[in-house]
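User: I'm new to this one. Could you walk me through how to read its features?

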Amino acid sequence: MALDISYLPFAFVFTSPGPILVKLGPLTIRWYGLLIASAVLIGVTLSQYLAKRRNVNPDLLSDLSIWLVIGAIPAARIYYVLFQWQEYVQRPWDIFAIWKGGIAIHGAILGGLIVALIFAKVKKVSFWQLADLVAPSLILGQAIGRWGNFFNSEAFGKPTNLPWKLYIPREITLVDGSKIYPRPAQFINESFFHPTFLYESLWNVMVFALLMILFFRGLQGKLSLKTGTIFLVYLVCYSLGRVWIEGLRLDSLMLGPLRIAQIVSLVEIAIGLTGLWWLYFRKRPLPDVVSTPVEERMR
């Protein structure tokens, strides 16, 4: 018999107020879009601040942010749609309805990496220096963006009766009058689920704090950080959390019996650890798009 702890004084239930923040005539403002826009704005501001602290031209980060938005958001959507193609082939008009949710952070990371490499090559600056400046903003943006899943009643975990359980309605009526049914068929009679969006958001906040500590300790000379370290630590730490959190989710993108996010996260952990080993045990710089010394790259 499951232990009923819902009566405890510290128990509470997450309940989404719905995906729409406000509707003004034909204009509909959704929580998901607002959170993404906020994450981008906060991220650009933070990366410019970090650039100034490293005596890097902040305009470079402002320019890069435009490239990242153009590359990362469409890539995140394409990645998600490809692995959910059987669903979207039945309603192809929804492929472009990004405001309804359905973007994959691993797709965004891949798209962002590609455009950042191109940007660094075009501007003749160090990719790894840029990556170190963007990594804290990226993980903070992920922490903010995860709350979009809360408002959309998506990306939740297995049924639970924990004090911080998440209520998922049986059905949700959209603006156009259509209905969606967020609970998986096998759990249609369950009401409460693990708030995996919250787990990942909190994990990302902790990773953000770690990256900021590393950044400022390196700035103060308390740590000898090599170029690329902060981004590699981001890859390892974020992915460690994603591996176990993904194991709780009910809506994982799948490749046969395997969860795509766990596979990609394990690859990212391997890349991050290999890069750190290369920097600190082999004591060699990471391959970059420019060959001039790091100190000269971003003046």
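**Reading the model step by step**

Analyst: Let's start with Tyr234, which is buried, at 0% relative accessibility. Buried means under 20% relative accessible area, exposed means over 50%, and partly exposed lies in between (1.4 Å probe, protein chains only). Two ground rules: this is a predicted model, where local features need pLDDT of at least 70 and side-chain atom pairs count only at pLDDT 80 or more, while totals for chains, interfaces and linings use all residues. Residues are numbered from 1 along each chain as its sequence is written, and side-chain values use heavy atoms, with hydrogens and water left out.

User: How do I read an aromatic pair, and how many are there in the whole structure?

Analyst: Rings of Phe, Tyr and Trp (its six-membered ring) pair if their centres lie within 6.5 Å; planes under 30 degrees apart count as stacked, over 60 as edge-to-face and the rest as tilted. A search of the whole structure turns up 19 aromatic pairs. One of them is Phe215 with Phe216, edge-to-face at 5.2 Å centre to centre with 80° between the planes. Phe215 is buried, at a relative accessible area of 1%. Then there's Tyr234 with Tyr238, which is stacked: 6.0 Å centre to centre and 5° between the planes.

User: How far apart are Tyr234 and Tyr238 in helix H7?

Analyst: Helices (H or I, at least four residues) and strands (E, at least two) are DSSP runs, numbered from the N terminus. Tyr234 and Tyr238 are four residues apart in helix H7 (residues 229–246), so about one helical turn separates them. Tyr238 is buried too, with a relative accessible area of 1%. Elsewhere, Trp31, Trp147, Phe150, Phe151 and Phe197 make up one aromatic cluster.

User: What about sheets? Which strands stand at the edges?

Analyst: Two strands pair if DSSP finds at least two bridges between them. Here, an open sheet of three strands runs in the order E1-E4-E7, with mixed pairing. Strand E1 (14–15) and strand E7 (192–193) are at the edges; each has a single partner strand, so one side of each lacks a neighbour in the sheet. Strand E4 (residues 166–167) pairs with E7 in the antiparallel sense over two bridges, and Tyr167 stands opposite Phe192 in E7.

User: What sits over the ring of Phe192?

Analyst: A charge sits over a ring if NZ of Lys or CZ of Arg is within 6 Å of the ring centre and within 35 degrees of the ring normal. For Phe192, that's the charged end of Lys165, 4.4 Å from the ring centre.

User: And the hairpin of E2 and E3: which residue there takes a positive phi?

Analyst: Strand E2 (residues 20–24) and strand E3 (residues 27–30) pair in the antiparallel sense over four bridges, with Leu24 opposite Leu27 in E3. The hairpin has two residues between the strands, and Gly25 takes a positive phi near 60°.

User: Where else can I look for a positive phi?

Analyst: Asn55 is in the loop between helix H1 (31–53) and H2, and is exposed, at 68% relative accessible area. Ser153 also has a positive phi, of about 55°, and is not a glycine. Ser153 lies in the loop between helix H5 (127–151) and E4, and is buried, at 6% relative accessibility.
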